[in-house]
Amino acid sequence: MQLKDVRRVEWDEATEAIERCYELGWTDGLPVVPPTIERVQEFITYVDRSPDEVLGRIDERRREVSVAKAASNAVMAGCLPEYFPIVVAATEAMLDPTFNLIAPSSSQGGASLLVIVNGPVIGQLGINCKDNLFGPGNRANATIGRATRLIMMNACASIPGLFDRSIMGDPSKYTFCIGENEEESPWEPLHVERGFAREESTVTVFASWGPRQLRAANEPKVVLDVVADVASSLGTSLATSDSVSDLTIGVRQGQVVITFAGAGAFWNGWTKQAVKEYLHPRIGRSVADLKKVKVMKGTILTGDEDRRVNFVPEPDDILVIFAGSPEASGYRSSVILSELPKVASTAVTKAVRLP
């Protein structure tokens, strides 16, 4: 379907167009591709959906995101039309009421939006799931992740100093998109675990802080102990919720994404569920530790060193994915913490509707 009643801004040449986009406040600080009507229409035609179709809303801001708005921002981010179905699915996921975009998009913690892609579309579009996983160099990863941020800014009003109340921010707020290395993984992929068929392509969105890379001695149990220690750091999002201050609750309602790299054979004898169940009771701190840093009130009592507060409610709140360079052994991994309690924002997975 064709675009109608669009706002037109005219320019004479490319540099002027880029500068005009800056003047209009359409950028994330980096230059954008000017969203010409013809290019935006090409994206809409590719997904064969109405430009006026609403992908989701933020009622608190009286904002809604249409296919046309998503397409305009995907063009500005530098996407190819082939990437647009993933951008659409990510938009639907982040505007799902379960994800509750209003919370991570206005938090002082400055949540990033991690986009995890699964399924055949990874190979079809060349989405990076291996070397330099979180780094630069791949157009699909960079522009898909950037498109979701531009949609948040331009269509959802998540603008720094306005509704984006982040104090520090994070470089991953520019773009944060990865694929899972399903072909070499020793485990079932994330989307299968979350109820989708292996041959389906999906997008999972997760409100997070940036990844913390870590390394450990080349033994599975040692790697898991290091992962648990990093996820349990004081001062992180998992350790500073109001919920941990109430001993009747005694658990931080958070989620965590953990990426493991290397050869799949490294994990022989470890199922994904076994990994989660090993980590779950080890991600947390003692009551004494939490009282020392004033997360919990009161003086340290006898026995507080032995009383433990878990930071994730269930093993399945640990999202385990296999991604990164397969050339390494198993000692490299990363921990990505949720920026908010699970009750405020929960990871959401949506199917990608390919044309």
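In helix α4, I86, V87, A90, T91 and M94 meet I144, A147, T148, I151 and M152 of helix α6. Contact here means heavy atoms within 4.5 Å. Helices (H or I, at least four residues) are DSSP runs, numbered from the N terminus. The model is predicted: local features need pLDDT of at least 70, side-chain atom pairs count only at pLDDT 80 or more, and totals for chains, interfaces and linings use all residues. Residues are numbered from 1 along each chain as its sequence is written, and side-chain values use heavy atoms, with hydrogens and water left out.

The contact of α4 with α6 divides into eight nonpolar, two polar and no charged residues. Ala, Val, Leu, Ile, Met, Phe, Trp, Tyr, Cys and Pro count as nonpolar, Asp, Glu, Lys and Arg as charged, and the others, Gly among them, as polar. The axes of α4 and α6 come within 10 Å and cross at roughly 45 degrees. Axes are lines fitted to C-alpha atoms, for helices over the stretch in contact, and angles run from 0 to 180 degrees between N-to-C directions. The two helices, α4 and α6, are therefore oblique to each other. Angles under 35 degrees count as roughly parallel, over 145 as roughly antiparallel, 65 to 115 as roughly perpendicular and the rest as oblique.

Helix α6 (residues 139–154) also packs with helix α3 (residues 67–77): their axes come within 8 Å and cross at roughly 130 degrees. From α3, the contact draws on A70, N73, A74, M76 and A77; from α6, on T143, R146, A147, L150, I151 and N154. Seven of these residues are nonpolar, three polar and one charged.

Elsewhere, helix α8 (residues 220–231) and helix α9 (residues 272–279) have axes that come within 10 Å and cross at roughly 50 degrees. K221, L224, D225, V227 and A228 of α8 meet V275, Y278 and L279 of α9. This contact holds six nonpolar, no polar and two charged residues.

The structure also holds four cavities of 30 Å³ or more. On a 1 Å grid over the protein atoms alone, a cavity is a set of points where a 1.4 Å probe fits but cannot get out; lining residues have an atom within 4 Å of a point. The largest cavity has about 40 Å³ of space. Its lining consists of V47, R49, P85, V88, A89, E92, A351 and R353. Helix α4 (residues 84–94) gives the largest share, four residues. Five lining residues are nonpolar, none polar and three charged.

Conventions. 1 Å grid on protein atoms, 1.4 Å probe; cavity = no way out; pocket = protein on both sides within 12 Å on 5 of 7 lines; lining within 4 Å. Points joined across faces, edges and corners; volume = space filled by probe spheres on them.
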